Amino acid sequence: MSGDVALDDTAATVHRLAALVAGGVPLARAWAVLGTDASALDARAGGLVRAVLAVAGEAGAPMAPTLERLAALLREQSAQRRALEAALAGPRATARLVMLLPVVALGFGLALGLDVVGAATGGGIGSWSVAAGALLMVGAWLWSRAIVRRAARGDPAPGLALDLVAVALAGGGAADRARASAARALRDARIETSGWDDVDAALALAERAGVPVRGLLLAEATAARTRARLDGETRAQRAAVQLALPLGACVLPAFTLLVIVPLVVSMLDGALAPLG
């Protein structure tokens, strides 16, 4: 959640900055009034702020509206991350729970007075069974972790390229120069984002239709963020289903090897001991 808090804090700072600039305060003076600057912000959010300011400054775009949209963008990114984290909470909890099942069962066996530890460490079938079960549990943990990580993966800043080109065009520049300016700013800020195909498609469509492209870019940016949110929810739902695979293929066999086999060995040892 720390990343979300950083985005929220940065959004609040940018919103205050926009209010000061809208009131006629020069940008440098506004930073000084706030007692901070772009370099003092969170690494990723600060990079985004610097990229937007660089594009707006180069293009001569109106600074206050640009900052207002940037603040809204940061808040939207934070909300999307929170929504994805909430959607992944269930799959993550499931992954942790299934990993605890063998431990709980072992504790249950010990509570019954069975020498499970002795059966598991005394050599023979019990030891081999525990070793195989441990390997399966490691495999289940790695598999479950990969499923959850894959579900959490996605474009960290959907629609950003579209938004930046729109900012560059707000200053009245040519489309090709606006695209180059946005790409350069993102590269300098070391921010990787997708969406350049959408930028090119919007520019080509506007050129064919003979209409202003900025509104189209902003609409496409909003649509890209909506798609990213829906895709994240879909990935989280898919992960919840996919976590049944390591459960069935690894955890349940591991449960048998780690718990059932040592329990049976312990019970047999206890039953046969008087006969020996």
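**Notes on the model**

1. Please keep in mind that the model is predicted. Ala175 belongs to helix α8, which covers residues 175-188. Leaving aside residues up to four places away in sequence, Ala175 touches Leu169 and Leu203. Ala204 is 29 residues from Ala175 in sequence, and their C-alpha atoms are 10.0 Å apart.

2. On the overall fold, the secondary structure comes to 11 helices and 0 strands, so the pattern along the sequence is simply α-α-α-α-α-α-α-α-α-α-α. Of the 276 residues, 37% count as buried. Among contacts between residues at least 6 apart in sequence, 76% join residues at least 24 apart. The protein exposes about 14300 Å², and carbon and sulfur atoms supply 63% of that area.

3. Helix α7 deserves a look. How many of the residues of α7 are buried? The count is 10 of 10 for this helix, which spans residues 160-169. The buried residues of α7 include Leu160, Asp163 and Leu169. Leu169 is also one of the residues that Ala175 touches, and Leu160 turns up again in the lining of the largest cavity.

4. The largest pocket has about 510 Å³ of space. Of the 25 residues that line the largest pocket, Gly154, Asp155, Pro158, Ala228 and Arg235 are the closest to its centre. Helices α4 (63-111) and α10 (214-242) each supply at least two residues of the lining. Which helix gives the largest share of the lining of the largest pocket? That is α10, with 8 residues. Sorted by class, the lining of the largest pocket has 7 nonpolar, 7 polar and 11 charged residues.

5. The second largest pocket has a volume of about 180 Å³. Here α4 and α6 (125-152) each supply at least two lining residues, and α6 gives the most, with 6 residues. The lining is made up of Arg92, Ala95, Arg96, Met99, Trp141, Ser144, Arg145, Val148, Arg149 and Ala152. By class, this lining has 5 nonpolar, 1 polar and 4 charged residues.

6. Ser144 lies in helix α6. Is Ser144 buried or exposed? Ser144 counts as buried because its relative accessibility is 5%, with the limit for buried set at under 20%. Not counting residues up to four places away in sequence, Ser144 touches Ala95, Leu243 and Pro246. Ala95 also lines the second largest pocket, as does Ser144.

7. On annotation, an unreviewed UniProt entry places the feature "transmembrane region" at residues 97-119, 125-143 and 243-265. In the model, residues 125-143 are 100% helix and 0% strand, with the end C-alpha atoms 27 Å apart. Over residues 243-265, the chain is 96% helix and 0% strand, and the end C-alpha atoms are 31 Å apart. Such annotations may be inferred rather than shown by experiment, so I would name the record as the origin of these ranges.

8. Finally, a backbone detail. Arg190 has a phi near 60°, a positive value in a residue other than glycine. Where does Arg190 lie? Arg190 is in the loop between α8 and α9 (196-209). Arg190 counts as exposed because its relative accessibility is 77%, and the cut-off for exposed is over 50%.

Terms used
Residues numbered from 1 in each chain as written. Predicted model: local features only at pLDDT ≥ 70, side-chain atom pairs only at ≥ 80, totals over all residues. Heavy atoms only, no water. 1 Å grid on protein atoms, 1.4 Å probe; cavity = no way out; pocket = protein on both sides within 12 Å on 5 of 7 lines; lining within 4 Å. Helix = DSSP H or I, 4+ residues; strand = E, 2+ residues; numbered from the N terminus. Contact = heavy atoms within 4.5 Å. Buried < 20%, exposed > 50% of the residue type's maximum accessible area, 1.4 Å probe, protein only. Areas by Shrake-Rupley, 256 points an atom, 1.4 Å probe, with all protein chains shown as cover. Points joined across faces, edges and corners; volume = space filled by probe spheres on them. Nonpolar A, V, L, I, M, F, W, Y, C, P; charged D, E, K, R; others polar.
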